[in-house]
Amino acid sequence: MALYGAAGRGLLRRLGPGPAADLSRAWGPRPARGAPRSAVCCLSTKASSRSVLAALASTAKRINGRYERFLERTFPRFYVLYVTFTKGIQALFLEAKEIRKIKSKMSHQRLSVQQLPYREMERLRQFRRDVLKALPIVAIAIPPFANFLVIVLMYFFPRQLLIRYFWTPKQQVEFLDAYDAIRRDSYLDVVESLTLAARSLPELQLQQRLRELCAEVQRGSQPRVAELYAVRSLFSGSPLGLNKLRVSHVKALSQVLFLTTHLPAFFLRHRLRSHVLEIRHLDRAMLRLGLGQLSEEELRAACYLRGLNSTRLGTSECRAWLEQWLGLSCKLQASEASLLANSMVLLSLNYPRAKA
């Protein structure tokens, strides 16, 4: 064996450096002494995997671009729905990530929802409502081969089944107007219920004030915040406290807040109270932030949540109305939540026509 090894080394010396260098160049540099061959193989495998994934992603992006251009030229109406859906999926995914961050922050800092800044509190509220609205369509999609039915339902009933991320800009205005028309049908019922309850109030002076206030609204005027605050004591006990309101009155207020009315009276009162107090907490967070910090979209959304259809109002009108609202809401106690719920109707029914 030693003889064969010596002969081999002698043969290489006779061949000279040229062939050896050629072999070295052909085979590539040898791994450093002590470096495991498996590590080198692993690095090269990872690099090749990344390059393959990058190539696949680039190809998919190019094909998707061609597909979108084809849809835009051939099926323009479907293209609008396709773009809205893809953007909606992206926005929903980003929103879910933000909600996860907020939840993580609350867990690490041991914060309650009421201690959050306004925007984070509002995000949690809106995301919870979106999830609840999406649950029925998710349940329908669970059985095999039900996806086609879901697509048909979503196409023909977008307002009822889709959440806001999947509405086109035109649909957003149209659907918000439609929802507002539904809840405005109950506004006059709320005013009539207040007028009826005022007759059974023990204090004649406050009874007269409330009846005049309701008559003023029915004539097309908007009450002042000071007038509403002057009768706040009436909404703490019977017959105008949330726990003492007539069932028809509670149902009308529930419709104003887009809450279902098909529940027993106890659950109706509980849900109404929790939603009104949630708005009260949002109001305090908004006051801490300042109305001047809100964007136009945030101003419109805040007005709409509190009973005012803001789809066709200017920024200054939304801000002026919210200033009135906060002037009342942030002075009221939790026990006066009934006045806050009724004020959603009293302050928004004739605005901005009463102002004009």
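Mentor: In helix α8, the buried residues are Gln-171, Phe-175, Asp-177, Tyr-179, Asp-180 and Arg-183, where buried means under 20% relative accessible area, exposed over 50% and partly exposed in between (1.4 Å probe, protein chains only). Helices here are DSSP runs of H or I with at least four residues, and strands are runs of E with at least two, numbered from the N terminus. This is a predicted model, in which local features need pLDDT of at least 70 and side-chain atom pairs count only at pLDDT 80 or more, while totals for chains, interfaces and linings use all residues. Residues are numbered from 1 along each chain as its sequence is written, and side-chain values use heavy atoms, with hydrogens and water left out.

The cover over the buried residues of α8 includes α5 (118-141), α7 (158-161), α9 (187-198), α12 (247-256) and α14 (296-305), contact being heavy atoms within 4.5 Å. As to its length, α8 comprises 16 residues, 169-184, and should span 22 Å at 1.5 Å a residue; the expected span is 1.5 Å times one less than the number of residues. The end C-alpha atoms of α8 are 23 Å apart, which agrees.

Another buried site is Asn-350, with a relative accessible area of 4%, in the segment after α16 (337-346). Asn-350 touches Val-217, Gly-220 and Ser-221, not counting residues up to four places away in sequence. A polar atom of the Asn-350 side chain lies 2.8 Å from the backbone oxygen of Ser-221. By contrast, Leu-81 in helix α4 is partly exposed, with a relative accessible area of 33%.

Definitions and conventions: Polar contact = N/O pair within 3.5 Å; in protein donor to acceptor, adjacent residues only side chain to side chain.
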